[in-house]
Amino acid sequence: MCKLQGFVRNSETNNSRPQHRGRVSERRGFSEDYGIQRNATPGTRSRWQSGIGRQKAFIAGSKKNIEQIVTNARGEPVMRILILCTGNSCRSQMAHGFLQSFNKELTVCSAGTAASGKLNEEAVTAMAEAEIDISHYTSDPVDIYLGQEWDYVITVCGGANESCPAFIGKVKHRLHIGFDDPSHAIGTTEFIKSEFIRVRDEIRARFYEFYIQRILPTINEE
C-alpha cells in the first residue's frame, strides 16, 4: 500500500469555492515546491499547444516508444509518484489514470486532505470517453498513506481560491501542476460537461509532458 509521511497544509486559508461561468484556466509550468507558479506567456502557450500535439501523437500510436519496464534488478518499482489534492474525487483521479496509462509499471497513488470518499461521476465519464477506466479507483484520505518514500509528490489544486496540501516527508521532488476544478462549474449540462472535458485534456497534456520530461530521462539512466 502506498503511504505518505509528514504532510502539512499551506498557510492559505481562503476556502471560498470558485464559480467559473466561462472558460477560466491558468497555464502553469512545473513548479518546484508549492506556492510557486509561472504565469503563461505567448511562448509558454506555444509550448503548451506543442505538448497537446505530442499527446495526440502518443494516443495515435507512439505508445510503444515510451512503454518500458520501470523496475530495478530486484524487480522493485523504481519510480513512485503520489498525486495530492483536496477531495481526491476529480482532478487527482484523472491525473492518476493518465499517468498510470503512460506506463503501467509506475507506482502511482492519489489522495486528498479532505477526501470525499467517492469519485465524481462526471470525471469517471470524461475519462471513459478517453478510453481510461477509473471507476474502480477509490477516494482516499492522505492519512492512510503515511510512511513510504516517494520520487515525486505532485499537487494538482488550482490557484488562490484553494489551499493546496504540502508534503514535507520523504520525497525527492515536489511539484505543483495546477488545474481548475470542473466540479465547481456552473451553467448548463453541456457547459459543465465541456469543462470536465477541457480540464481532462489539460491534465492529459500536462502529465504527458511531465512523463516525457521528468520520468523517461530517469528511466533511461537506469
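1. Tyr152, Phe179, Phe207 and Phe210 come together as one aromatic cluster. Rings of Phe, Tyr and Trp (its six-membered ring) are taken as a pair if their centres lie within 6.5 Å; planes under 30 degrees apart count as stacked, over 60 as edge-to-face and the rest as tilted. In total, the structure contains five aromatic pairs.

2. The model is predicted: local features require pLDDT of at least 70, side-chain atom pairs are counted only at pLDDT 80 or more, and totals for chains, interfaces and linings use all residues. Residue numbers start from 1 along each chain as its sequence is written, and side-chain values rest on heavy atoms, with hydrogens and water left out.

3. Phe179 belongs to the loop between β7 (171–176) and α4 (189–221), whereas Phe207 belongs to helix α4, so the contact ties together parts that are 28 residues apart in sequence. Helices (H or I, at least four residues) and strands (E, at least two) are DSSP runs, numbered from the N terminus.

4. Phe207 also forms an aromatic pair with Phe210, and this one is edge-to-face, with 6.1 Å from centre to centre and 70 degrees between the planes. Phe207 and Phe210 are separated by about one helical turn because they are three residues apart in helix α4.

5. Phe179 and Phe207 are both buried. Phe207 has 0% relative accessibility and therefore counts as buried; Phe210 likewise counts as buried because its relative accessibility is 0%.

6. A charge-over-ring contact is found at Trp150, where Arg80 lies over the face of the ring at 4.8 Å from the ring centre. The criterion is that NZ of Lys or CZ of Arg is within 6 Å of the ring centre and within 35 degrees of the ring normal.

7. Tyr145 is located in the loop between α3 (121–129) and β5 (150–155). With 7% relative accessibility, Tyr145 counts as buried. Its C-alpha atom is 9.4 Å from that of Leu82, although Tyr145 and Leu82 are 63 residues apart along the chain.

8. Nine salt bridges are found in a search of the whole structure, each being a side-chain nitrogen of Lys or Arg within 4 Å of a carboxyl oxygen of Asp or Glu. One of them joins Glu129 and Arg200, whose closest N and O atoms are 4.0 Å apart. This pair links distant parts of the chain, with Glu129 in helix α3 and Arg200 in helix α4, 71 residues apart. Glu129 is partly exposed at a relative accessible area of 42%, while Arg200 is buried at 8%.

9. Arg200 forms a further salt bridge with Asp201, at 2.9 Å between the closest N and O atoms. Asp201 has a relative accessible area of 28% and is partly exposed. A network of salt bridges links Glu129, Lys193, Arg200, Asp201 and Arg204.

10. Another salt bridge brings together the side chains of Arg198 and Asp180 at 3.1 Å, N to O. Arg198 is in helix α4 and Asp180 in the loop between β7 and α4, so the pair ties together parts that are 18 residues apart in sequence. Both Arg198 and Asp180 are buried.

11. Helix α2 (residues 91–102) comprises 12 residues and spans 17 Å from its first C-alpha to its last, close to the expected 16 Å. That expectation is 1.5 Å times one less than the number of residues. Helix α2 is mostly covered, with 12 of its 12 residues buried; among them are Arg91, His96 and Gln100.

12. Strand β4 (residues 107–112) is mostly covered as well, six of its six residues being buried. Thr107, Cys109 and Ala111 lie on one side and Val108, Ser110 and Gly112 on the other, and both faces are covered. Strand β3 (residues 80–85) pairs with β4 in the parallel sense over six bridges, where pairing requires that DSSP finds at least two bridges between the strands. Ile81 is placed opposite Val108 in β4.

13. Together, β3, α2 and β4 make a right-handed β-α-β unit.

Notes
Buried < 20%, exposed > 50% of the residue type's maximum accessible area, 1.4 Å probe, protein only. Right-handed = clockwise from strand over helix to strand, strands pointing away.
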